[in-house]
Amino acid sequence: MLLCFDIGNTNIKTALFDGDRIMYEWRISTDSKRTGDEYFSIIRTLTRDAAVSLSDIDSAVVSSVVPALIGPFVIVSQHLIGRKPLIIGPDMYAELPVKVPESAVHEIGTDLLCDALEAWNRYRSACIIADFGTALSFTAVDPEGNIAGIAIAPGIGTAFQSLFTNTAQLPSVPLEIPASSLGTNTIESIQSGILFGYKGLVEGLIAQMKKDLCRQTGADVKSVRTIATGGLNSMLQPVTDAFDDIDKDLTLHGLRRAAQYAEDGTEN
């Protein structure tokens, strides 16, 4: 089995794959001050509670947008399976069918690379992936698997947190779709501004990226697939039809696929 770590700014998503199936999945709060031994203790407890035998785990792979945590998760892997993990990074990009622009090789988030890899392998057509995390990132891939460009905006949760922490009179409210965009009290007004505002951002940016992607690559706009991933994509699901597919585990599946390519060059 393969153990995948997707280390984000807010959460560390951990999944144990048997072939292409996620058998177990856990989320851990990201804390760059924790040591490898501390993370190992947490993960060992989670696997023990799930009755997972460490001897069944063959390998591990890490994607991290928090550089300070790569070292600790090397230690985690060594403690768990007795070997270092595969680290997703520029050294392995040449082995993948999805190509990163030369200008972005050392800048692109490895989570976005995994998103692009999984989406393009599924559709084999131009696609746009919206990843709803701490940042809201849109990755465009052309029909040949080249990453054509990325757009990044503050994530829904990030914008929401900023609003009430930087104002004197606006309270924290639940992130729920209001009945109308016409808020008649403070709670509904904030919900409307954030959620309907992000609906407009998402739909407008996807439309613009489709237009630019087709103009620059010759792709047919009708063939461009759109997919949403990330923990907060569900916030907008009731009010937008911008996405053809939704898969909260897209990045994890991309991690598994990247590890497969690195191991034997296949796309299984």
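**Strands, helices and selected residues of a predicted model**

Thr-47 lies in helix H1, where helices are DSSP runs of H or I with at least four residues, strands are DSSP runs of E with at least two, and both are numbered from the N terminus. The model is predicted, so local features need pLDDT of at least 70 and side-chain atom pairs count only at pLDDT 80 or more, while totals for chains, interfaces and linings use all residues. Residues are numbered from 1 along each chain as its sequence is written, and side-chain values use heavy atoms, with hydrogens and water left out.

Thr-47 has a relative accessibility of 1% and therefore counts as buried. Buried means under 20% relative accessible area, exposed means over 50%, and partly exposed lies in between, with a 1.4 Å probe and protein chains only. When neighbours within four places in sequence are left aside, Thr-47 is in contact with Trp-26, Val-52 and Leu-54; contact means heavy atoms within 4.5 Å.

Helix H1 covers residues 36–49 and helix H2 covers residues 70–81. The axes of H1 and H2 come within 8 Å and cross at roughly 50 degrees. Axes are lines fitted to C-alpha atoms, for helices over the stretch in contact, and angles run from 0 to 180 degrees between N-to-C directions. H1 and H2 are therefore oblique to each other. Angles under 35 degrees count as roughly parallel, over 145 as roughly antiparallel, 65 to 115 as roughly perpendicular, and the rest as oblique. The crossing of H1 and H2 is right-handed; a crossing has this hand if the near helix is turned clockwise from the far one by less than a right angle, and is left-handed if anticlockwise.

On the H1 side, the residues that meet H2 are Gly-36, Asp-37, Tyr-39, Phe-40, Ile-43 and Arg-44. Their counterparts in H2 are Pro-72, Phe-73, Ile-75, Val-76, His-79 and Leu-80. The contact of H1 with H2 is made up of 8 nonpolar, 2 polar and 2 charged residues. In this division Ala, Val, Leu, Ile, Met, Phe, Trp, Tyr, Cys and Pro count as nonpolar, Asp, Glu, Lys and Arg as charged, and the others, Gly among them, as polar.

An open sheet is formed by 5 strands in the order S3-S2-S1-S4-S5, with mixed pairing. Two strands pair if DSSP finds at least two bridges between them. S3 and strand S5 (86–87) are the edge strands, and each pairs on one side only. Strand S1 (residues 2–7) pairs with S2 in the antiparallel sense over 6 bridges, and a hairpin joins S1 to S2 through 3 residues. S1 is also joined to S4 by 6 bridges, and these two strands run parallel. Cys-4 has Ala-15 as its bridge partner in S2 and stands opposite Val-61 in S4.

S2 and strand S3 (residues 21–29) run antiparallel and are joined by 8 bridges. Thr-14 stands opposite Trp-26 in S3, and Phe-17 has Ile-22 as its bridge partner in S3. The hairpin of S2 and S3 has 2 residues between the strands, and Gly-19 in the turn has a positive phi of about 65 degrees.

Positive phi values also occur at Ala-51 and Arg-124. Ala-51, a residue other than glycine, has phi near 60 degrees. Ala-51 is placed in the loop between H1 and strand S4 (59–64) and counts as exposed at 69% relative accessibility. Arg-124 is not a glycine either, and its positive phi is about 50 degrees. Arg-124 is placed in the loop between helix H3 (110–123) and strand S6 (127–132), and with a relative accessible area of 40% Arg-124 is partly exposed.

Ile-177 is placed in the loop between helix H4 (156–165) and helix H5 (186–217). With a relative accessible area of 28%, Ile-177 is partly exposed. Apart from neighbours within four places in sequence, Ile-177 is in contact with Leu-195, Phe-196, Met-235, Pro-238 and Val-239. Ile-177 and Gly-89 are 88 residues apart in sequence, and their C-alpha atoms are 38 Å apart in space.
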